[in-house]
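Trainee: I am new to this structure and would like to be guided through it by questions. May we begin once it is in view?

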Amino acid sequence: MENIVLEARNITKYFPGILANDHINFDLYSKEVHTLLGENGAGKTTLVNIFDGLYYPNEGEVYVNGKIANINSPLDAMKFGIGMIHQHFMLVDTLTVVENVVLGFQKQGFRLDNNSIVKKIQEISEQYNLKVNPYAKIWQLSVGEQQRVEIIKMLYRGANILILDEPTAVLTPQEIDSLFLIINKIKSDGKSVIFISHKLEEVLKVSDRITVLKKGKVVGTVNKEHATEKELALMMVGREVLFRFDRKPTADGKDILKIENLEGYNDRGVKRLKGVNLTVKSGEIFGIAGVAGNGQEELAESITGLRKSSKGKIFIGSCESTNLLPSRILKKGVNYIPADRIRTGLIPNLSSVDNAILRCYMRKPISNTFTVNFTKAKDYANKIITEFNIMVPRLDAPVKLLSGGNMQKLLLAREILEEPILLIAVHPTRGLDIGATELVRKKLIEARDKGAAVLLISEDLDEIIMLSDRIGVIYDGKIVGLVDSKNAQINNIGLMMGGSKNLNVQKG
Amino acid sequence: MLGPTLQTILINLLYTAVRSGTIILFPTIGEIFAERSGVMNLGIEGMMIIGAFFGFVVTYTTKNPYLGFVAGMLAGGVASLIHAFIVITLQGRQVVSGLALTIFGLGITNFYGQRFINAQLNVSLSRFAIPLLSKIPIIGIIFFKQDIFVYFSYIVAIFMWYVLYKTKVGIQLRATGENAAAADAMGVNVYATRYFWTFFGGLLAGAGGAYLTIVYAPFWLDGITAGRGWIAVALVIFAMWDPINAIFGAYLFGSIDALQFLLQARGTTIPSSLLSMQPYLLTFIVIVIASLIVRLKHIGVPRELGLPFSREEK
Ligand SMILES: Nc1ncnc2c1ncn2[C@@H]1O[C@H](COP(=O)(O)OP(=O)(O)O)[C@@H](O)[C@H]1O
Ligand SMILES: [Mg+2]
């Protein structure tokens, strides 16, 4: 029998107004990968943050190697051999890999002894096949490489229990495979891994046991051998989930959005768009697949006029719209669901009513020349709220109090009810639970069926394949491949997302 | 070739420039380190004048300038702890708290300084020449025949550069100002780090003030720091948060200050108020240029400058 290295008994954690963890019991054997599976907001991150000493539980205890462990800080966690790799990497961009690895590591003297650290990093790299240049600054690395730095950092400190919070969210399918190899190697070295995900397929691939969380409670723990995707989905969501959508056949619409050789820079002055070419027709969803940070957000911002492009042309309808003011572009019938729904999409401190009318407060019936008719505005907000099934505490409560899913539904409703000619949706379901995700996807397909041209940008490859009629793969600021979603192969798309060039791809 | 008198005047001018620059070099370095840890302290002017006051009074009563200097430093350090408590522990607004500290410093020294107005210090600080280095033509006289506090400022600048880039403490400091959550997750005590460097900033602001009233202008006047704290704030940007760059910035301002001093002493026809304006005009120009460079190059600015840190807050 294996021995238990980590155990949580009756862990309860409150946040203001939220019970994030509700009497959770969890255990981890040595040499095991134990997955925490659950929708967004289920409390997975909260639980592992408690193991890492970032949060302190309101009730319950954590045991390490059979003894009660009082973990008050990440430093304490390290002493117990627990190392966590956060969903949002805990790396300092402007420091080098070496500097990040030794940051906060108490051993050794005052001076930084680069050589011995580099040597140790290289040993770890070789042992676990974690390739990275120790002298590079973090901002120069790809997301996959940054993740490797995170893993090295923990192994450098001698972590025995490795926690990986949604590590696959930012990786290409190939990178995911190599991560799984690394995880297996770590396991066979006698260490244990807590793996977090909400993607069923990969969970079944990598885990030994799976514990499903829902609304802060443990639904159950199953061995991999006894688990199926369908059953896990049912445990996770509590009802049957639609994995497919009905849709009309693709219409052969006219070109709505046409982009020619578009180039542009990001906020830090780095060139992020390096000659994008694409066309989106009415009545189709054009999905852009790609790993985060390959120019997706800059592209969306260039089309909507929020970012100046340095070269190339954008046509909407038949008129050129390159570098026009956003207000002029929106007037052409363009609607936009930005990646950052809280700050760009909504105004967090204003009410649901105010946010709902942001697009139409200048027009009748909401406005009468000078004043806003608040009775009409309220009616309009109420209509949206019922139609999109949005939960709000009060109509006049600031929207920042809404959960992520409800915020997104409000934003989507506001944009989609304008009956756009061109709809640009960036990560429209990121961070949403399955229910809200389903609704958002359904509405996007509805917009398409009504004849809108939809540009969908998402890091969730399954979502892209599920929703799109055509798929463009973006890599390093260019569309490197065009695929018809009917014969899309996830493997090929994955390779293109990782920058592989020599592929036989159909040209669009 | 310059005529001998002109050369003497010029060397004298630069010699004074270094002394005047020292007054702002100390606080600039201090603020660079506080800001590197994520804490902006606009209370430099206040901490400087508190340091100037204590430095003056202790030297005046004990006749010991070294004791006075240490007292000035400590007074600045203590004043900075007020700011630290407000912005680190209570998570107050850094700009507001810093401005309040400046107003507080100016006010309290005005109140307690009344009876010292126009009092003079009768201590003279020995200068000593550094062997070898002082023999270098021109440079030697300007930089290496100074008093001990000036040498101390050189050591501080160079040593702190080393600390910043070559030591673990430096990494912790930079990480805390760039990404406090990451530093915290890696076991760095973010609060302690910020307290320490804010205090350090206060010590050096106090040092700058003390140097002013003990050495550069050994008498007491109301508001004697005359906005030098604000110049330091600007210099931090000009130096791009690097202690070695701070040396150049400080001496540039020192030169302008020395020049207007010289012109006033020689009785030019330019109104003295226009002359005294020069350092501040230059501050303005420098800060515009520096901000443009920072914007263009996206370097230097600690990313989480001015933001409070709290573990459980989202
Ligand atoms: N620091 C925090 N402050 C307030 N609420 C939080 C905090 N962290 C998490 N929550 C809330 O606790 C719940 C569980 O969140 P989390 O553990 O992040 O879920 P998961 O990782 O499973 O997506 C969510 O409703 C979330 O909004
Ligand atoms: Mg999470």
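**A guided reading**

Mentor: A:Phe15 is found in strand 1 of chain A. Please bear in mind that this is a predicted model.

Trainee: Is A:Phe15 buried or exposed?

Mentor: The limit for a buried residue is under 20% relative accessible area. A:Phe15 has a relative accessibility of 19%. A:Phe15 therefore counts as buried.

Trainee: Which residue of chain B is in contact with A:Phe15?

Mentor: Neighbours within four places in sequence are left aside here. Within chain A, the contacts of A:Phe15 are A:Ala20, A:Thr46 and A:Tyr55. From chain B, the contact is B:Glu312.

Trainee: How many Å separate the C-alpha atoms of A:Phe15 and A:Leu495?

Mentor: Along the chain, A:Phe15 and A:Leu495 are 480 residues apart.

Trainee: What is the division of chain A into domains, and which domain holds residues 347-419?

Mentor: Domain 1 covers 4-237, and domain 2 is made of 253-333 + 420-508. Residues 347-419 form domain 3.

Trainee: What area do domain 1 and domain 2 of chain A bury between them?

Mentor: The C-alpha centres of these two domains of chain A lie 33 Å apart. Nine residues of domain 1 of chain A are in contact with 14 residues of domain 2 of chain A. Of the area buried between the two, 62% is on carbon and sulfur atoms, and the total is about 970 Å².

Trainee: Which residues of domain 1 of chain A lose the most area to domain 2 of chain A?

Mentor: Three residues together account for 39% of what the domain 1 side buries. They are A:Asn40, A:Thr172 and A:Gln174.

Trainee: Which helices of chain A each supply at least two residues of the domain 1 side that touches domain 2?

Mentor: Between these domains of chain A the count of salt bridges is zero, and one residue pair is in polar contact. The helices that each supply at least two residues of the domain 1 side are helix 6 (173-188) and helix 8 (229-237) of chain A.

Trainee: Which residues are joined with A:Arg209 into one network of salt bridges?

Mentor: A:Arg209 forms a salt bridge with A:Glu32, with 2.8 Å between the closest N and O atoms. A:Arg209 is in strand 9 (residues 209-214) of chain A and A:Glu32 in the loop between strand 2 and strand 3 (33-37) of chain A, 177 residues apart. Through shared partners, the residues joined with A:Arg209 into one network are A:Asp27 and A:Glu32.

Trainee: What is the relative accessible area of A:Glu32?

Mentor: A:Arg209 counts as buried at 11% relative accessibility. A:Glu32 is also buried, and its relative accessible area is 4%.

Trainee: What area do chain A and chain B bury between them?

Mentor: 36 residues of chain A are in contact with 25 residues of chain B. On carbon and sulfur atoms lies 60% of the buried area, and the total is about 2,500 Å².

Trainee: Which residues of chain A lose the most area to chain B?

Mentor: Three residues together make up 25% of what the chain A side buries. They are A:Met90, A:Leu103 and A:Phe110.

Trainee: With which residue of chain B does A:Asp93 form a salt bridge?

Mentor: Between chain A and chain B the count is two salt bridges. In the pair formed by A:Asp93, the closest N and O atoms are 3.2 Å apart, and the partner is B:Arg303.

How values were computed. Residues are numbered from 1 along each chain as its sequence is written. Chains are lettered from A and ligands numbered from 1 in the order in which they are written. This is a predicted model: local features need pLDDT of at least 70, side-chain atom pairs count only at pLDDT 80 or more; totals for chains, interfaces and linings use all residues. Side-chain values use heavy atoms; hydrogens and water are left out. Domain bounds come from an automatic or database domain assignment. Contact means heavy atoms within 4.5 Å. Buried area is the accessible area (1.4 Å probe) that two parts lose on being put together, summed over both. A salt bridge is a side-chain nitrogen of Lys or Arg within 4 Å of a carboxyl oxygen of Asp or Glu. A polar contact is a pair of N or O atoms within 3.5 Å; within protein, one must be able to donate a hydrogen and the other to accept it, and residues adjacent in sequence count only if both atoms are side-chain atoms. Helices (H or I, at least four residues) and strands (E, at least two) are DSSP runs, numbered from the N terminus. Buried means under 20% relative accessible area, exposed over 50%, partly exposed in between (1.4 Å probe, protein chains only).
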